[in-house]
Amino acid sequence: MATVAKLFETMEYGPAPESDVPALEWIKQHDNGRFGHFINGRWVAPTAGQYFETINPATKGVLARVAQGSKADIDAAVAAANAAAPTWAGLPAHARARYLYALAREVQRHARLLAVLESLDNGKPIRETRDLDIPLVARHFYHHAGWAQLRDTEFPGYAPVGVVGQIIPWNFPLLMVAWKVAPALAAGNTVILKPAEFTPLTALCFAGIAEEAGLPPGVFNVVTGDGATGKVLVEHLDVQKIAFTGSTEVGRIIRKATAGSDKKLTLELGGKSPFIVFEDADLDSVVEGVVDAIWFNQGQVCCAGSRLLVQEGVADRLTQKLRARMEKLRVGSPLDKAVDMGAIVAPVQLERIRGLVEKGVEEGAKMWQPSWACPTEGYFYPPTLFTDVSPAATIAQVEIFGPVLVSMTFRTPKEAVELANNTPYGLAASLWSENINLALDVAPKLKAGVVWINSTNLFDAASGFGGYRESGFGREGGREGMYEYLKPGWESHPPRGIALASAAPEQGRSADPGPAARGAQVLPSIDRTYKLFIGGKQARPDQGYSRKIVAPDGRALGEVAEGNRKDVRNAVEAAHAAEGWGRSTGHLRAQILYFIAENLATRGPEFAARVGQAEVEASVSRLFTYAAWADKWGGAVHQTPIRGVTLAMNEPVGVLGIAAPDDFPLLGFVSLLAPAIAVGNTVIVVPSEPNPIAAAEFYTVLETSDVPAGVINVITGAKDALAKVLAEHDDVDGVWYFGNAAGVKAVELASAANMKRTWTFAQTRDWLDPRQGEGREFLRHASEVKNIWIPYGE
Ligand code: NAI
């Protein structure tokens, strides 16, 4: 007689199909399956009259026809968003919160329709859209209804950015709508959304939801189309911010296209995230983790755990277990509630996966797929495992964006970290060990914006998501995500009187108090040439040139070294060698900052003779500010809905290149280097070009303040040229540039090479005003937030 256990083994799965009828009805009701754009609260036909088809990838059947957006359509949407912006931004916080709350409620009300529509359009299993995508969409709007309510109290002094263009990919079509739109609206911006061409339907359904929720016309607009439509949106002059999720390739194009445009930018790009298994891990949990890491959404996930790194002792056992599990995975109709994997989004993506798998085989890795065959009527691809992969192989380096896992082995935790960090990306990582000490030691060493311990692919609105290096910059979700849609309120109203100083920096902004105030300096001064300061030592410039610095009255003030590309390289090397600074305690960094302040105060009169008393006093106070912050910039514990904790750790960006403003030669310099080193970065600072002497002289203060060699490096010379070299340098992790519009553009363009973070500013800033010259804004730019998810419990 058959036992229950035997039945479990032998029984065939029966299909459990979800009906597609309500979703197809919804499509049909909309002009018989033809969709225009949603602009200014109305459905409008595309100006050029062009439509394209959107396909069900599981059947290859046409689902609907969707408008191809042209320049005229984008113009109309931007005009509507612009017109709606002042009223929307001016609403009381509570009113915006009510709208976001209404959106959350409407999403819940239409949850099933949205889940089915998403599965039809994208090919992902209904189990995922129903249980993950759509609930997370609702959660995002709820969470941000909260931020909308708290905006004025939690972000005092901040204002919305204005009109925001958002471009999203096809892998999580509606979830990306939520990640983008909820914080933008909560902060008080208006939006033009461009969904991916393969998956526009849920965004269009959401436009209907916005209509039902009574969102004022123009606050939220949807223009559909392909990359050409996205390009027009990116280049539009009346858009103040672009938020993009998609490929690194297009991210780089957008970085270049927005360079120098004064648009705020966030990029969430690709990844090749490691999934690290230590030999003491619970291997059965690991197997389920791998299923979630790489076969969730057919592997079309930016943070997919696509590189399995296994400690040697358990590698064979894990491979066997994985193969057994893969044999039992089910690929089939996305609307069948019993399938694990659905269809690949489009033929082009299927071809890309096939091509990369072929390449993997050609390059000598061992490929394994289950014995069963995929359905043939749609775009399906089986779960695939590669072993014997060399770390330099194409499949170990390139984002495949499909259900393909590549496996490698390591011996020691150190080797695991090296392998894990051996890609240009830095998005996510998952690590598995029963030893919490090991896990918490390794997590901070991983170059990733999010680390999951004994878990994977956990997301929540309360926890910021995003990466660094070629995975982009900026965070979505949480408090840090809100800042991406806000700007300091004073930036819209630059204070009067400051403009003069920066418009004509070469005139020297009262840098010199005049012969009378300088007292002894009325006498001819002893000629002095300031060298560079690299690796804790004075260094002669590579080319041996120096430049004369002349006061407004023509007096020679001294000479400073003329730094060049080679000097920058040496400084970057020194800054990297000093990276232990980032692992030192906040207490130690605070003490050193206090010590710098003390030594500057002692030398106060001498510096005051160069830059005036006010700047020196403010510089001392600023050093105190960041000494105060150094042991208080501690991060947060987020309330995510897991049994465990999510730690948001503020980590240093790494090696920062800083071009200081031309005015405020001492205070501008100190105001930038102090927050950077307080957080644990090491820096290469290029001081004011016309007035570099105070900063050049500053090394004598550093030398007496116990600053470890290489933490602060100072390179004088042609500021814009040096800033560009820093922006081009692959081993510089971020660049801050305070100067002119042409310099901003050059830095932003050059930064696209390795997609480093930039903070650029061509406006004037009153560095004496603490609201403009110090505080959290600076600390945020000096930090990467790493979210570490730690579930607990037996
Ligand atoms: P993509 O980056 O080309 O598309 C993403 C979005 O950007 C779409 O809405 C597209 O219309 C738009 N776009 C394309 N070119 C643009 C331009 N020049 N200016 C403005 N917007 C533009 O991604 P695609 O072609 O769909 O997929 C290609 C590869 O990208 C995939 O194989 C995968 O490796 C990667 N990818 C990564 C994603 C991620 O979340 N990290 C998401 C989607 C794709």
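Predicted model: local features only at pLDDT ≥ 70, side-chain atom pairs only at ≥ 80, totals over all residues.
Residues are numbered from 1 along each chain as its sequence is written, and side-chain values use heavy atoms, with hydrogens and water left out.

**Exercise 1.** Work out how the rings of Phe 206 and Phe 220 are arranged.

*Solution.* Start with the cut-offs: rings of Phe, Tyr and Trp (its six-membered ring) pair if their centres lie within 6.5 Å, and planes under 30 degrees apart count as stacked, over 60 as edge-to-face and the rest as tilted. The structure holds 30 such aromatic pairs. For Phe 206 and Phe 220, the centres are 5.4 Å apart and the planes stand at 85 degrees, so you call the pair edge-to-face.

Phe 206 sits in helix α8 (residues 201-212) and Phe 220 in strand β9 (residues 220-222), so the pair ties together parts 14 residues apart in sequence. Helices (H or I, at least four residues) and strands (E, at least two) are DSSP runs, numbered from the N terminus.

Last, check burial, where buried means under 20% relative accessible area (1.4 Å probe, protein chains only). Phe 206 is buried at 1%, and Phe 220 is buried at 2%.

**Exercise 2.** Find the lysines that lie over the rings of Tyr 485 and Tyr 737.

*Solution.* For Tyr 485, the charged end of Lys 241 sits over the ring, 4.5 Å from its centre. For Tyr 737, Lys 719 lies over the face at 5.5 Å from the ring centre.

**Exercise 3.** Describe how the protein holds polar atoms against the ligand's oxygen atoms, using Ile 168, Ser 247 and Arg 352.

*Solution.* Go one residue at a time. Ile 168 has a polar backbone atom 2.8 Å from a ligand oxygen.

Then look at cover: taken alone, the ligand exposes 800 Å², and the protein buries 87% of that (accessible areas come from the Shrake-Rupley method with a 1.4 Å probe).

Definitions and conventions. Buried < 20%, exposed > 50% of the residue type's maximum accessible area, 1.4 Å probe, protein only. Lys NZ or Arg CZ within 6 Å of the ring centre and 35° of its normal. Polar contact = N/O pair within 3.5 Å; in protein donor to acceptor, adjacent residues only side chain to side chain.
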